Amino acid sequence: MSNEMNTSIGYIIGSTRRVILKELGSVFLENNIPITIEQYIFLVALRNQKGEVTQQDMANHICKDKSAILRTIDVLEKQGLVQRTQVSGDRRKNTLSFTAKCEELFGSIAKLETKTMETLTAGINREEYDTAIRVLQHIQQNANNLTINK
């Protein structure tokens, strides 16, 4: 692997994401958290959405196809973590919401995630951390603008 690839921001972001998710997944297993990392990503995205959220909204937001989203929703609904509500007047459209059980699970996960991220960011001072967040948010916004303008 070339050194140029190792310093590419896209490569670093991608490999960092994989390492973080792998570590968090291990922490979930060790602590008997009953969801996968992919399901957690879905739930976090759902939690961060404003207003009524449809299956299509979620597919667009986390860049997954509708069938993958549907499978995730099916599993989470069976676990009692999300609820699907049919939109009146459109039998094909459902909105999604959290359940009390999911909120309770998030309480447990928040502590684990905080501890894991503290471990992973050890040795990084607050100024460096804040700068990294601002840069990543700027890259994300630029990417979102490209998508909107297409």
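Let me begin with a definition: a residue is called buried under 20% relative accessible area, exposed over 50%, and partly exposed in between, using a 1.4 Å probe and protein chains only. By that rule Glu-103 is partly exposed, because its relative accessible area is 38%.

Hello everyone. What you see is a predicted model, where local features need pLDDT of at least 70, side-chain atom pairs count only at pLDDT 80 or more, and totals for chains, interfaces and linings use all residues. Residues are numbered from 1 along each chain as its sequence is written, and side-chain values use heavy atoms, with hydrogens and water left out.

Let's stay with Glu-103. Which residue does Glu-103 form a salt bridge with? The partner is Arg-47, with the closest N and O atoms 2.8 Å apart. A salt bridge here is a side-chain nitrogen of Lys or Arg within 4 Å of a carboxyl oxygen of Asp or Glu. Glu-103 sits in helix α6 and Arg-47 in helix α3, so the pair ties together parts that are 56 residues apart in sequence. Helices are DSSP runs of H or I with at least four residues, strands are runs of E with at least two, and both are numbered from the N terminus.

The whole structure holds 5 salt bridges. Among them, Glu-38 meets Lys-64 at 3.5 Å, N to O. This pair also links distant parts of the chain: Glu-38 is in helix α3, while Lys-64 is in the loop between α4 and α5, 26 residues apart. Arg-126 and Asp-130, by contrast, both lie in helix α7, about one turn of the helix apart, and their side chains meet at 3.1 Å, N to O.

Now please find helix α5, residues 66-78. Its end C-alpha atoms are 18 Å apart, which agrees with the 18 Å that its 13 residues should span at 1.5 Å a residue; the expected span is 1.5 Å times one less than the number of residues. Which residues of α5 are buried? They are Ala-68, Ile-69, Thr-72, Ile-73 and Leu-76. Down the axis of α5, these buried residues fall within an arc of 135°, so they line one face of the helix. The arc is that of the directions from the helix axis to the C-beta atoms. Why one face? An α-helix has 3.6 residues a turn, so residues three or four places apart point the same way.

The face of α5 turned away from its buried side carries exposed Lys-66, Arg-71 and Lys-78. After α5 comes Gly-80, with a positive phi near 80°.
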